[in-house]
Amino acid sequence: MKVGIVAGGTLGHIMPGMILAKKLSEKHDVIYITSKKDLRFDIFENSVFLKKVYFVDVEGINKKAYKNINTFIKGVKGLKEINKIIKEEQVDLLIGMGGAISGIAMVACGKKVKKIIHEQNKVMGFANKSVLRFVDKILLTFDIDLKDKLKRKSVVVSNPCLFTSVPNTIKDKNNILITSGSNGAQEINDLAIELINSNCLMNYHITLVTGKKYYDEVISKINKTPNVDIYPFVNNMNEYIYKSSIVISRAGSATIFESLALDTVPLLFPSSNVTNNHQYYNALEIESSGMGEIIDKDTVLKKIHKVTNNYQEYILNIKRYKKHYDLDKIIKIIEEVGLSKS
């Protein structure tokens, strides 16, 4: 079977797709379609398990309406380019993992190609929502309210990032990782500066990943002590997550489930600058399941102590959750769709 995986815009869409691609490549030929802007991520450089990677010049809808004329033109050209790729590669099954390019690809491939989408967030994104009726299967990270007809072709499988491989690293209960994502986030960095400069976490080892954009600013404001390491960016984020007992981050789905995969408790500071406030609802699901906590600058210290004092309870809840999901089951569902007759 020839499989095409399409995702773009953020690593939160791209990473889960790469995990599926690597597993699927054990038995099938896999190509990856992403946007030209995603050339900035080095994740594709060593992906030898992919038959080919295509970078297509498309972009998401802009909040400034006048800029969407160019977005529309690129979208039309991108649709034609993706259609050509799918035909030339003789793709049997296309899996959309989110981002504008995912929605465009679902339209581009027509009726002959089997189609699956995966939604990483508690609130469905625009690209996925716009193609729900045209796909053969809907894979969900969280249970989402869908109409009966759509509900029947949906299944909750969690996020593929839950199946991140465990690095050969020793976990330390007194390690805290603070990360603001690949692009960095001002609020997370400000929170880290306040926590570190207050000296209230001297009993912990703090690793702060600022994002390249904010590194110099953070370094100039922080009172660096021996228990603090600061980096602009790290390539081996999984090792840092695994070494830590707590990760403080935004509430993007990929980071949440990488943390759960590595038995690290997430303290989540949802960004309000996202579509439909989906990060808050992601975080609420994790908190209500007893696997992590929602924080803000006023509650973070209290929540750190809460997790430290009840650490094993959180880990037990995480392990119980993980027992319900399996990467092989996701692959089986994908294969059943791809190999089924129309």
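Me: Why is Tyr 32 called buried?

Reply: The model is a predicted one, in which local features need pLDDT of at least 70 and side-chain atom pairs count only at pLDDT 80 or more, while totals for chains, interfaces and linings use all residues. Residues are numbered from 1 along each chain as its sequence is written, and side-chain values use heavy atoms, with hydrogens and water left out. Buried means under 20% relative accessible area, exposed means over 50%, and partly exposed lies in between (1.4 Å probe, protein chains only). Tyr 32 has a relative accessible area of 0%, so Tyr 32 is buried.

Me: What makes the pair of Tyr 32 and Phe 44 edge-to-face?

Reply: Rings of Phe, Tyr and Trp (its six-membered ring) pair if their centres lie within 6.5 Å; planes under 30 degrees apart count as stacked, over 60 as edge-to-face and the rest as tilted. The structure holds 7 aromatic pairs. In the pair of Tyr 32 and Phe 44, the ring centres are 5.4 Å apart and the planes stand at 65 degrees, so the pair is edge-to-face. Phe 44 has a relative accessible area of 9%, and is therefore buried.

Me: Where in the chain do Tyr 32 and Phe 44 lie?

Reply: Helices (H or I, at least four residues) and strands (E, at least two) are DSSP runs, numbered from the N terminus. Tyr 32 belongs to strand β2 (residues 29-35), and Phe 44 to the loop between β2 and β3 (52-56); the two are 12 residues apart, and the pair links distant parts of the chain. Elsewhere, ring pairs join Phe 142, Phe 257, Tyr 321 and Tyr 325 into a cluster.

Me: Which residue lies over the face of Tyr 242?

Reply: A charge sits over a ring if NZ of Lys or CZ of Arg is within 6 Å of the ring centre and within 35 degrees of the ring normal. Lys 171 lies over the face of Tyr 242, at 4.9 Å from the ring centre. Lys 243 is placed over the face of Tyr 240, at 4.6 Å from the ring centre.

Me: Which strands are at the edges of the sheet?

Reply: Two strands pair if DSSP finds at least two bridges between them. The open sheet has 7 strands in the order β3-β2-β1-β4-β5-β6-β7, with parallel pairing. Its edge strands are β3 and β7 (154-156), since each pairs on one side only. Strands β5 (residues 114-119) and β6 (residues 137-140) are joined in the parallel sense over 4 bridges, and His 118 stands opposite Leu 139 in β6.

Me: Why does Thr 71 count as buried?

Reply: Thr 71 is at 9% relative accessibility, and therefore counts as buried. Its place is in helix α2 (residues 68-89). Contact means heavy atoms within 4.5 Å; not counting residues up to four places away in sequence, Thr 71 touches Glu 59, Gly 60 and Ile 61.

Me: How many residues of helix α9 are buried?

Reply: In helix α9 (residues 253-261), 8 of the 9 residues are buried, and the helix is mostly covered. Among the buried residues are Ile 256, Phe 257 and Leu 260. The elements that cover them include α1 (11-24), α8 (237-243) and β11 (246-249). Just after α9, Asp 263 takes a positive phi of about 55 degrees.
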